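Q: I would like a close look at a single part of this model. Please take it slowly and keep to what the coordinates show.

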Amino acid sequence: MTTTDRVLYLFGSAAPPVFDVANVIQDAQARGFDVCLGLTPPAARWLAPQLTELGRLTGHPVRSEYKMPGEPDVWPKADVIAVAPATFNTVNAWALGLTHEFVVGVIAEGIGKGIPMVTMPCVNAAYVQHSQFERSVAELRDMGVRVLYGEGGFMPNQPGQGKPKEYPWQLLLDAAQELSPTRE
C-alpha cells in the first residue's frame, strides 16, 4: 500500500451480493483504494466465517459495531464511502437518521462531514412499492449522496428472483473512483 492510496470505506448490508465482497475489495485495491470494510450486524453474521480473512485482505479490522468511548479509531479517515449492497432497512434508516447501527451512524455523520458518498440499493420489487423507499432515495440524493438506483444503476427483481452474481459492483466502484479526490 502506498501513501497515495485513497481511503474507501466499503459498507455492506445483508443482501446476497455481500458474499462477493472479497472480490470487490480486490477490485477496489487494484484501483488504488485502501479499503476499510464495515458491515451491518446481519451482514457480519452472514460473513462470520470470512471476517478474519477479510480483515487480512484489507489490512484493517472489519467493523460492525461502534467503538467504545475513548478507544482510538482503528481506521484512517475516509476519502469516499461506498454503501452496497444497501438494503431497504439501511436506505431508510440512513435517510431518516436512525443510527443504532455502526454503518448507518458513520454514513449519516458523513453527510455532515462532506465525505463524498455513493450507494447502490439491493431491494426487490415488492420493497420498492413501500412509499418510504422512494422518499428515502430522494432524501439521500437531496443530501448529496449519489444513489445508483433505476436507470444506470440497480434495477429491482421480483421477490425470490434475485441475481446476486449480476449485481453491478463495477458501477459502484466507478462512482467511488470518480467521487474520490486524488492525493498528491
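How many of the residues of strand β3 (residues 80-86) are buried?

A: The model is a predicted one. In strand β3 (residues 80-86), seven of the seven residues are buried, so the strand is largely enclosed by the rest of the structure. Buried here means a relative accessible area under 20%.

The pairing of β3 comes next. β1 and β3 run parallel and are joined by four bridges. Within that pairing, phenylalanine 11 has valine 83 of β3 as its bridge partner. β3 is also joined to strand β4 (residues 117-121), again by four bridges and in the parallel sense. Valine 83 takes part here too, standing opposite threonine 119 in β4.

An α-helix has 3.6 residues a turn, so residues three or four places apart point the same way. Just after α1 comes glycine 32, with a positive phi of about 95°.

Helix α3 (residues 51-58) can be described in the same terms. Leu54, Gly55 and Thr58 are its buried residues. Down the axis of α3 they too lie within an arc of 100°, so they line one face of that helix. The face turned away from this buried side carries Thr52 and Arg56, which are exposed. The buried residues of α3 pack against α1 (21-30) and β2 (33-39). α3 is followed by glycine 59, whose phi is positive, near 80°.

Two cysteines remain to be mentioned. Cysteine 36 has 0% relative accessibility and therefore counts as buried. Cysteine 122 is buried as well, with a relative accessible area of 17%. A disulfide is a covalent bond between the sulfur atoms of two cysteines. A search of the whole structure finds zero disulfides.

Notes
Residues numbered from 1 in each chain as written. Predicted model: local features only at pLDDT ≥ 70, side-chain atom pairs only at ≥ 80, totals over all residues. Heavy atoms only, no water. Buried < 20%, exposed > 50% of the residue type's maximum accessible area, 1.4 Å probe, protein only. Helix = DSSP H or I, 4+ residues; strand = E, 2+ residues; numbered from the N terminus. Arc of directions from axis to C-beta. Contact = heavy atoms within 4.5 Å. Pairing = 2+ DSSP bridges. Disulfide = S-S within 2.5 Å.
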